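Work through the exercises below with the sequence and the model at hand. Each task is followed by a solution in steps.

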Amino acid sequence: MQQFSHAYPPVMTAMSDSPDPEVAARQLAEALYHPELAGVMFFCSAEYALPELAAALNRAFAGVPLVGCTTAGEITPRGYDRGTLVGLGFHRRWFSLESALIAELEDFSLPQAQQQVDSLISRIRQREDQSTSGRFFAMTLLDGLSSQEELVLVALDSALGSIPHFGGSAGDDVQLAGTHVFSQGAFHTRAAVLTLVRTSLDFEVFTTHHMQSLATKLVVTQADPASRRVTELNAEPAAEVYARMLGLQPQQLNPKVFALHPLAVKLGQEYYVRSIQKVNEDLSLTFYCAVGNGMVLTAMQPQPILPDLERRFAEIEARIGAPMITLGCDCFLRRLETEHLDSLDEASAFFRHHRVVGFNTYGEHFDGVHINQTFTGVVIGGVDNR
């Protein structure tokens with residue numbers, strides 16, 4: 001067992017499966033709160049009454065910075081979960097955290113991003129009780145139904161420069177009705193939260209996916225990029241073309257089909273999945289990521305999820321040692337696929353072994369790119385690994 005120079009470990013995790021916001025917040029605080037707590041990051045089911053949960057968390061963690069978001073499923077110390085509240089508490093001896101709320105996504109610009117980033121860096125460096133040295137990483141949580149990820153992430157990535165950056169888009173248990181981020185004591189829509197972290201521990205920000213490209217190509221011939229709605233593929237109704245490619249009828253399309261038969265755009269030598277959100281009455285398709293006229297979409301074939309994760313984690317752990325914690329953003333379509341393959345228990349065992357805590361997203365963020373059907377996050381090494 002690791003020994004720490006302070007009474008509390010660098011990162012603590014906790015969860016509650018109580019549906020009562022007051023009880024859930026209290027249980028989280030009982031497990032995470034201590035005098036050296038620098039901040040708490042949490043992920044919660046959208047089933048909670050959010051105003052009540054916000055009030056309960058503010059009471060339970062009075063004076064402690066809080067950031068979080070709603071989910072399409074949680075990854076708790078038990079593994080894959082639903083209907084829960086999960087959190088991570090960071091010790092000020094090893095971590096410094098500062099966060100900023102971005103409330104006007106549509107008008108967000110590079111100068112605003114630079115101002116936000118510079119302010120966060122300055123606040124960390126100027127804090128009087130600052131004892132943490134080390135490197136920075138950044139995490140974004142963003143309203144998953146805002147359709148503004150690309151605009152915001154590009155600006156933030158330019159402002160962050162060499163600081164590694166990852167994150168996830170908030171979900172709402174696949175209801176597609178309302179997704180929220182939490183900052184400054186309240187839940188917000190049409191908003192994002194940028195959290196800058198400095199730690200003296202080793203870490204690695206990463207992304208991985210389990211997709212293999214196929215030969216089939218579809219060309220976006222009519223689309224509305226602002227709403228991520230594709231009306232035509234190959235000059236025919238989009239849903240008809242996509243369904244025909246799979247030997248299905250448009251009425252048979254559903255999230256499980258989308259998870260098992262994704263499309264991707266090739267940028268450089270890499271494929272980035274553009275997951276389908278829903279079929280509309282006019283047989284158009286709404287996507288979770290940006291699409292535009294003339295974009296060439298490649299059909300992708302999922303490979304086994306866990307072998308890919310095992311390879312990726314083995315590579316990272318060879319560099320920084322066994323993880324103290326992995327903060328993960330896992331696309332909810334991967335979870336749907338795992339459920340379809342009856343592999344939830346196996347996946348949960350993997351998450352427990354690698355100390356993964358996080359949430360199922362409506363999209364992942366990696367160094368300024370908005371992507372789908374990936375597992376993206378940060379592995380943080382232990383004190384004894386250095």
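A salt bridge is a side-chain nitrogen of Lys or Arg within 4 Å of a carboxyl oxygen of Asp or Glu. The model is predicted, so local features need pLDDT of at least 70 and side-chain atom pairs count only at pLDDT 80 or more, while totals for chains, interfaces and linings use all residues. Residues are numbered from 1 along each chain as its sequence is written, and side-chain values use heavy atoms, with hydrogens and water left out.

**Exercise 1.** Describe how the protein chain divides into domains, and how far apart the domain centres are.

Step 1. The assignment, which is automatic or from a database, gives domain 1 as 2-208 + 307-385 and domain 2 as 212-302.
Step 2. Taken over C-alpha atoms, the centres of domain 1 and domain 2 are separated by 29 Å.
Step 3. Each domain is in contact (heavy atoms within 4.5 Å) through 17 residues from domain 1 and 17 residues from domain 2.

**Exercise 2.** Characterise the salt bridges between domain 1 and domain 2, and the side of domain 1 that touches domain 2.

Step 1. Two salt bridges are counted between the domains.
Step 2. Arg-228 forms a salt bridge with Glu-149, with the closest N and O atoms 2.6 Å apart.
Step 3. On the domain 1 side, helix H4 (149-160), helix H8 (332-340) and strand E25 (369-371) give two or more residues.
Step 4. H8 gives the most, with five residues.

Conventions: Helix = DSSP H or I, 4+ residues; strand = E, 2+ residues; numbered from the N terminus.
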